[in-house]
Every structure is written in C-alpha cells, then in structure tokens.
Amino acid sequence: QEVWRKCLHLIAYTSSLFMMYVSQDWLTASVCCLVFAAIVYPILHYGERLKGYAHLFNQRHPGEVKHSLLLLFCTHAVLIALCWGLLNKPYIAVTAIITWGAGDTAAALICKRFGKHHVNLPLADHRKTWEGSAAMLATALVTGFIAMLLTSPLSWPMCLLYAAVAAPVAAYVELISHGGNDTVTVASAVAVVLGLISLI
C-alpha cells in the first residue's frame, strides 16, 4: 500500500516538472499548475463519495488526497514563479521539487520497512525514524546533484556544493514537518537555500 501511495506521489510531483518542461515561460508553467489543481480538486472532492475511493488512494484521513494535491500544485506554482520568473533560475525550482519528492518517497518507504529508531529531537515528528531521515538525506543529495547537473549551467563541483548544502536542510525540515505539511515546507526550504547560494 505504501509503495502504491508513493507511486501516486511520484506521478503528482513529476507532473509539475513536465509542465515546466513543455512551457515556454514561467507564467505558463505556473498557470498550468494552478489550472490543473482547479480541475482535479473538485473531481477528487466528488470522487470521495464513491465506494472504494479511500482504499484506492490509501487515504490516511478524509480529504487527505485532495488537500495534498492542492498544496502540492499551489506550492509548485509559487516556486516556479519565484525561481524561474523572479530569479530566472528555473533549475532551482526543478531541484527543490525533485529533492522533496524523491527524498520524501525514500524516507517513507525506508521508515515503513526498516525504521526502528524513532527521532526524539525538539520539534521533530516522533513518528519518524533515523533510518527514514538517513534515506531522505542520501536521496536528496543524489537527486539534487543530478537535477542540478542536468538542468543548470553550473559546473559539477558547484552542483555538488548546492546539493550538499540543500540535502541536510531538506532532511531536517522533513523531520520537523507535521501532518503532511512537508509538501510545502521541504520544497520551499530547499528553494530558499539554493536561491541564497545562487545570489552569493
């Protein structure tokens, strides 16, 4: 069930990346994200009345899927507008989205399968484990580096530096995010860190 849940997760965040890839400018990509959310949200809202809906999406609580989708695409629309539109650095938005998406997926799957040591830090969600957090860190580092390498004009040492700074931030913010808010917090935190590095 968790693997299926994360497959849906993968489809959702790669949709934003696809919208960026096929768009000519940041405004088109941002509007596409918002329009997609506006179309799909009511479909999911009415779909909740159907028998088997909650089981199909492995929903943890009523309304989770539609609210997560709305948060995800609105967050991505804002990130695209800021990173691509304001900074003219679309690779920051791409890297932030991939770092969160792939890292969160790895953290959830590893935590479910191997997680035994729960995190007991201030502000942390105590349901999360060190195993999941380590998976988040490693995956964020690797995917962040690859995303920077493929989409930015920077040299590979600089791409590695960006990823090495962003990955621990992603892992920590994921740890302290509660109630599925990592959809917003992790990608946003990574984008802020990468944006600051790029300005420096």
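Predicted model: local features only at pLDDT ≥ 70, side-chain atom pairs only at ≥ 80, totals over all residues.
View 1. Val142 belongs to a nonpolar surface patch of about 670 Å², together with Leu141, Ile146, Leu149, Leu150, Trp156 and Leu160. Helices α6 and α7 each contribute at least two residues to the nonpolar patch. The largest share, 5 residues, is that of α6.

**View 2. The largest nonpolar core.** This core has 47 residues, and the members that touch the most others are Met20, Phe73, Ile80, Val186 and Val190. At least two core residues come from each of α1 (2-22), α2 (26-47), α4 (64-86), α5 (90-114), α6 (130-151), α7 (156-176) and α8 (182-199). In soluble globular proteins, nonpolar side chains tend to be buried together.

**View 3. Surroundings of Phe73.** Phe73 is among the core members that touch the most other members. When neighbours within four places in sequence are set aside, the contacts of Phe73 are Ala12, Ser15, Ser16, Met19, Cys33, Phe36 and Ala37.

**View 4. Helix α8 and its buried residues.** The 18 residues of α8 should span 26 Å at 1.5 Å a residue, and the C-alpha atoms at its ends are 25 Å apart, which agrees. Buried positions in α8 are Asp182, Thr183, Val186, Ala187, Ala189, Val190, Ala191, Val193, Leu194, Gly195, Ile197 and Ser198. The packing partners of these buried residues are α4, α5, α6 and α7. Val186 and Val190, both buried in α8, are also among the core residues that touch the most other members.

**View 5. Salt bridge between Lys66 and Glu48.** The model has 2 salt bridges. In one of them, the side chains of Lys66 and Glu48 meet with an N to O distance of 3.2 Å. Lys66 lies in helix α4 and Glu48 in the loop between α2 and α3 (53-56), so the pair ties together parts that are 18 residues apart in sequence. Lys66 has a relative accessible area of 7% and is therefore buried, the cut-off being under 20%. Glu48, at 26%, is partly exposed.

**View 6. Salt bridge between Lys128 and Glu174.** The closest N and O atoms of Lys128 and Glu174 are 3.5 Å apart in this salt bridge. Lys128 is in the loop between α5 and α6 and Glu174 in helix α7, and the pair links distant parts of the chain, 46 residues apart. Both Lys128 and Glu174 are buried.

Terms used
Residues numbered from 1 in each chain as written. Heavy atoms only, no water. Core = buried A, V, L, I, M, F, W, Y, C linked by side-chain atoms within 4.5 Å. Buried < 20%, exposed > 50% of the residue type's maximum accessible area, 1.4 Å probe, protein only. Helix = DSSP H or I, 4+ residues; strand = E, 2+ residues; numbered from the N terminus. Contact = heavy atoms within 4.5 Å. Expected span 1.5 Å × (residues − 1). Patch = residues over 30% accessible without salt bridge, like charges linked within 9 Å, V, L, I, M, F, W, Y side chains within 5 Å. Areas by Shrake-Rupley, 256 points an atom, 1.4 Å probe, with all protein chains shown as cover. Salt bridge = Lys/Arg side-chain N within 4 Å of Asp/Glu carboxyl O.
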